[in-house]
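Reader: Hi! Could you walk me through this model, starting with the aromatic rings?

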Amino acid sequence: MLVAALTWGLAATAAAQPAPPTRSVLGPWVGTYVCSQGLTGLTLSITEATPTRASALFHFYADPRNPRVPTGCFTMDGTYDPASGRLQLKGREWLLKASGYRVVHFDGHVDAEGRSFTGQVSGAPSCKRFDLGRTAPPATPPPACAVAMPVARAGLHDAGRIVEALSADGRIDLDILFDFARATLRPESLPQLDELGRVLQTPALAARRIGIHGHTDAVGEADANLRLSRQRAAAVAEYLGRTFGIAASRLDVQGFGESRLKRPDAPDADANRRVAIVLLD
């Protein structure tokens, strides 16, 4: 087997390149920004972040050092580049408007550890910088400024865990959910695929070929399971290409049906239904 050689190659490449982000940028970021009103408290709740679309809710309020700032919030959208950590967001629709205030825009970078998001503010007079981190919001937002955040599903592997597994084993099994007996991706699986997409764009893996291999349990007809596993692997590859621009030539899409059970002692176990991500060269 070539796993040892492949693992060494990935480790050597990773050592020569900046480490990829290891945490999702989704969720609340808390800190301050500065425009003409002075230092202003901010909770930025990011609900989506991919190379083709990013969405957030911008909730501003008084900082103790500048207590005259009112409360307000508006939506933002933009794009996120996982390879560089650059996140660009433009202010869009007011949900709670403060008199005399304008929506603003952010252009910044998330650090490799996913703990700091800093950059430039534009769109209103005297805007300067923003500085956000992973701390608890200071207060409960008003109803208009509350947003439902995506809930991380149990068993979700973040980008750091995927890189670790590929470095150590040359493969990782991902629990991707589909509609029953179909190859339609369920919405709760998209955060997992987004983490995978981020990894495949990092310098250590951007030129590598990757296997997308579908597997099923042993319930039902073997031929139907084989066909379904191929269709599901193809659905994953299609999502990665459409959302992250991963070239089809990089992906080896195969289905193995029930021929390679992860739990042969329990052929109908959930663990057998999976998508394997395999480092090929």
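**Rings and confidence**

Author: Happy to! Phenylalanine 58 is buried, at a relative accessible area of 0% (buried means under 20% relative accessible area, with a 1.4 Å probe and protein chains only). This is a predicted model, where local features need pLDDT of at least 70, side-chain atom pairs count only at pLDDT 80 or more, and totals for chains, interfaces and linings use all residues. Residues are numbered from 1 along each chain as its sequence is written, and side-chain values use heavy atoms, leaving out hydrogens and water.

Reader: Nice. How is phenylalanine 58 placed against phenylalanine 74?

Author: They form a stacked aromatic pair, 4.5 Å centre to centre with 15 degrees between the planes. Rings of Phe, Tyr and Trp (its six-membered ring) pair if their centres lie within 6.5 Å, and planes under 30 degrees apart count as stacked, over 60 as edge-to-face and the rest as tilted. Phenylalanine 74 is buried as well, at 0% relative accessibility.

Reader: And how many aromatic pairs are there?

Author: Eleven aromatic pairs by that rule. Ring pairs join a cluster that includes Trp29, Phe58, Phe74 and Phe130.

Reader: What sits over the ring of tryptophan 29?

Author: The charged end of arginine 134, 3.9 Å from the ring centre. The rule asks for NZ of Lys or CZ of Arg within 6 Å of the ring centre and within 35 degrees of the ring normal.

Reader: Switching topic: what's the average pLDDT?

Author: The protein chain averages 86, and 89% of the residues score at least 70; pLDDT is the predictor's confidence in each residue, from 0 to 100. Over residues 1-22 the pLDDT is below 50. Where pLDDT is low, the predicted coordinates should not be read in detail.

Definitions and conventions: Contact = heavy atoms within 4.5 Å. Buried < 20%, exposed > 50% of the residue type's maximum accessible area, 1.4 Å probe, protein only.
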